[in-house]
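Trainee: I would like to go through the helix packing and the nonpolar cores, and check each label against its criterion.

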Amino acid sequence: MSLDIVIIGLSLSSSWGNGHATTYRALLRGLAEEGHRTLFLERDVPWYAENRDLPEPDFCRLALYRSVADLTGPWAERIRAADAVIVGSYVPEGRAVIDAVAALRPRLFAFYDIDTPVTMSLLDEGQEEFLAARQVPLFDLYFSFSGGEVLDHLEQVRGARAARALYCSVDPERYRPVPGVPEWDLGYLGTFSPDRQPTLEALLIEPARRMPARRFVVAGPSYPAGIDWPANVERIEHLPPSDHAAFYSRQRFTLNVTRAAMRRMGWSPSVRLFEAAACATPVISDAWRGLDELLPDGEAICIAQGTEEVVGILGTMGEETRRAIGFGAQRRVLAQHTGRARARELAAALRDLRAAAA
C-alpha cells in the first residue's frame with residue numbers, strides 16, 4: 001500500500017555545505033521507486049537559493065516556504081491529510097517548526113535525525129534551536145542516523161516513544177565506478193568542521209607531508225585561509241553531487257572522517273562512506289564503535305588509528321588487496337544501503353506504527 005508522506009527537511013534542492021541533500025535525494029528517489037508519494041518542504045534561504053543543484057526533482061514534489069507561519073497556513077491541510085509527516089534535523093527554527101506541526105495533529109508524526117550524536121550533544125549543552133528536549137516524546141517515531149546502542153539511549157534516556165535506525169543511503173544509479181586511472185593516492189570530501197580537522201590533519205595532511213611524491217586532494221567549502229596545506233595536496237572548493245562518482249573513482253583510497261560526537265556514540269556511518277563504497281573506492285576511516293559491523297576491517301574498509309597506519313596502507317598495500325577491499329565494500333553497500341532499501345525500511349516502520357495504532 002502506497003503512502004503519502006510530507007518531509008520538512010534542511011535541504012533537498014542544494015547540496016552546498018551539507019550532506020543532508022544527498023541523503024534525502026537517495027531516500028526520496030527510493031520512496032518513488034517503491035510507489036510512495038512525497039512532498040518535501042524546504043525553507044527558502046539565500047545560501048541555498050544561490051547554490052541550487054536540484055531545483056526541480058523528478059521523484060517528488062519540492063516546495064519552498066518562507067516562514068513557520070506558512071506551514072500552519074498554506075500547507076496546513078496538506079500536512080493534516082498526509083499519512084505521515086517527518087521533520088528533519090537542523091531545519092531552520094526547528095523547535096518552532098516542530099511545535100507548529102504538532103499542533104496540526106498529523107496522523108503520524110516522526111523526526112528524522114541525520115545528526116543524532118550532534119543533536120544529543122546540543123541538548124546536553126542546553127542548545128535547543130533545532131529540537132528541544134521536551135519535544136522528543138512528541139514524536140510517534142524517532143528515526144536516527146545512528147543505530148546500535150544509540151537507539152536505547154534515545155528511548156531510555158531521552159524519552160523517545162520508539163527509536164529506529166535509518167542510516168544514510170546512496171543512489172546506485174548516480175554512484176558507481178567511473179572508468180579511468182586514479183589521479184590521487186588519497187582524497188577527502190567534506191565541509192570544514194573544527195572537530196573533524198584534527199583527524200584530517202592526522203590521516204591526510206601529515207601523511208601528505210611524509211609522502212611528498214604522492215598526490216592528495218581535499219574537496220569541500222569553508223576551510224580557513226590559515227591552514228598549511230602541503231604542496232602535494234590539491235584543494236577543490238565545492239564539488240556538486242554530479243561530480244562525486246568521478247571524484248571517488250580518481251582516488252586510490254578515499255578518507256572518511258567522523259565528527260567527534262559521532263565517534264563517541266558510534267554506529268554513525270556518513271553518507272560519504274556509502275557513496276565512496278558504491279563507487280568501489282577503498283575507504284580509509286577513523287575508528288568508532290559499530291563501523292566494523294557495517295564494513296569489516298581489512299575486508300571492506302581500512303580502519304586507521306593514526307598517521308603511521310595511513311602511511312603504511314598507502315605505501316605497502318598491494319593492488320589486488322586494495323581492489324578487493326573496494327569491491328567488498330561495494331557489495332555490502334549495494335545489498336543493504338541503497339536509497340530504495342532505506343525507503344523500504346522507512347515505509348515498513350510507518351506501516352507497523354499505523355497498524356499498532358489502529
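Mentor: Start with contact, which means heavy atoms within 4.5 Å. The model is a predicted one. Leaving aside neighbours within four places in sequence, Phe143 is in contact with residues including Phe111, Tyr112, Arg164, Leu166 and Leu350.

Trainee: What makes Phe143 stand out in the largest nonpolar core?

Mentor: That core has 64 residues, and Phe143, with Leu28 and Phe247, touches the most other members. Helix α11 gives the most to this core, with six residues. A second, separate core of 34 residues includes Leu71, Phe109, Val136 and Tyr142.

Trainee: Why is α11 called roughly perpendicular to α14?

Mentor: α11 (residues 271–278) and α14 (residues 319–336) pack at an angle of about 115 degrees, with their axes 7 Å apart. Roughly perpendicular covers 65 to 115 degrees, so α11 is given that label relative to α14. The crossing is left-handed.

Trainee: Which residues of α11 and α14 meet?

Mentor: Phe274, Ala277 and Ala278 in α11 meet Gly326, Ala329, Gln330, Val333 and Leu334 in α14. By class, six residues of this contact are nonpolar, two polar and none charged. Gly counts as polar.

Trainee: What makes α8 oblique to α13?

Mentor: α8 (residues 197–210) and α13 (residues 307–316) pack at about 60 degrees, with axes 9 Å apart. Roughly parallel needs an angle under 35 degrees and roughly perpendicular starts at 65, therefore α8 is oblique to α13. Their crossing is right-handed.

Trainee: How do the residues of the contact of α8 with α13 divide by class?

Mentor: Five are nonpolar, one is polar and three are charged. Among those that meet are Glu206 and Arg210 in α8 and Glu308 in α13.

Technical notes:
Residues are numbered from 1 along each chain as its sequence is written. This is a predicted model: local features need pLDDT of at least 70, side-chain atom pairs count only at pLDDT 80 or more; totals for chains, interfaces and linings use all residues. Side-chain values use heavy atoms; hydrogens and water are left out. Axes are lines fitted to C-alpha atoms, for helices over the stretch in contact, and angles run from 0 to 180 degrees between N-to-C directions. Helices (H or I, at least four residues) and strands (E, at least two) are DSSP runs, numbered from the N terminus. Angles under 35 degrees count as roughly parallel, over 145 as roughly antiparallel, 65 to 115 as roughly perpendicular and the rest as oblique. A crossing is left-handed if the near helix is turned anticlockwise from the far one by less than a right angle, and right-handed if clockwise. A nonpolar core is a set of buried Ala, Val, Leu, Ile, Met, Phe, Trp, Tyr and Cys residues joined through side-chain atoms within 4.5 Å. Buried means under 20% relative accessible area, exposed over 50%, partly exposed in between (1.4 Å probe, protein chains only).
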